[in-house]
Amino acid sequence: GALGGEAFDAAEPPAVGGALRAVDAAERGATTFGASTIAVAQLVGPVLDVANLGDSGVMVFRRDPAGGFELAARSAPQQYQWNFPFQLTRLPKSLRVKLARGLDMDDATDAACYQFPVSPGDLVLVFTDGFTDNLRDDEILSLVRSASRRVGFAAAPPDPGRLARELAAAARARADDPELDTPFAVEARDNGMPAFRGGKLDDISVVAAWVMPAAYSATSTPCGEVASQFPMDDISMTPTPLHREAFEHVLSGPFPEALLN
């Protein structure tokens, strides 16, 4: 859907950290066994607060001067080695006792945290690794641009649900192709599998949302016009390192109610 901004005092930047607290809450609240990567994004004023553990991720696309889109920001995958990502893991006691002594499993403190400045009209994608295993960044950008041209972005932004489904379907089609040179195939050949080609059948999930002004409604100014009225800040693509002391400080703050509903 749409990510609506909140009013904020420019002299006091909005507090971030809700995304990381959500990762921690998910880990603490897990009741079933298994392992999973996790990516969380929360809009806090003009900042997209992101916490990412593993090789799922977040992308931000922005209108370019020509009226199309460009990739403005992206989280980086976390892997111990190729195809071995960081993951939240919950094991039954019978398996935990078999772990090597001193081996720590990943937890929320291992997540990479980002604060991406965003503006009305930006497109945010949150996705699992099966999406980017099968589509390159430039191919994803091409699909976003195509959807924008098809509906005429100045009139209204493309429906985010439909866009997410189209992106996921494109990745799924590539996963089934045994001959394509997908990102996963390139990495496989770089990691000791010289004959590997084709896609990777894996979990493919995509969530799409447009960043909208705080006062936006379905009958207000079209998103394409709104985007041209706001200055585009430079994007920092460097993750914020978070040590345990900082993590504990973040967790001491109030947990956003919106994430509990």
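This is a predicted model: local features need pLDDT of at least 70, side-chain atom pairs count only at pLDDT 80 or more; totals for chains, interfaces and linings use all residues.
Is L99 buried, partly exposed or exposed?

Figure 1. L99 lies in the loop that runs between helix α2 (93-96) and strand β10 (112-117). The residue counts as partly exposed because its relative accessibility is 30%, and partly exposed covers values between under 20% for buried and over 50% for exposed.

Figure 2. N83 occupies the loop between strands β7 (79-81) and β8 (84-85). Most residues other than glycine have a negative phi. N83 is not a glycine, yet its phi is positive, at about 65 degrees. With a relative accessible area of 36%, N83 is partly exposed.

Figure 3. For the protein chain, the mean pLDDT is 80, and 74% of the residues reach 70 or more. Confidence is highest in helix α3 (residues 129-134), at 98, and lowest in helix α7 (residues 223-228), at a mean of 30.

**Figure 4. Close-up of two stretches with pLDDT below 50.** Across residues 4-11 the pLDDT is below 50, and this stretch has 13 contacts in the model beyond near neighbours in sequence. The pLDDT is also below 50 over residues 217-261, a stretch with 73 contacts in the model beyond near neighbours in sequence.

Key. Residues are numbered from 1 along each chain as its sequence is written. Side-chain values use heavy atoms; hydrogens and water are left out. Helices (H or I, at least four residues) and strands (E, at least two) are DSSP runs, numbered from the N terminus. Buried means under 20% relative accessible area, exposed over 50%, partly exposed in between (1.4 Å probe, protein chains only). pLDDT is the predictor's confidence in each residue, from 0 to 100. Contact means heavy atoms within 4.5 Å.
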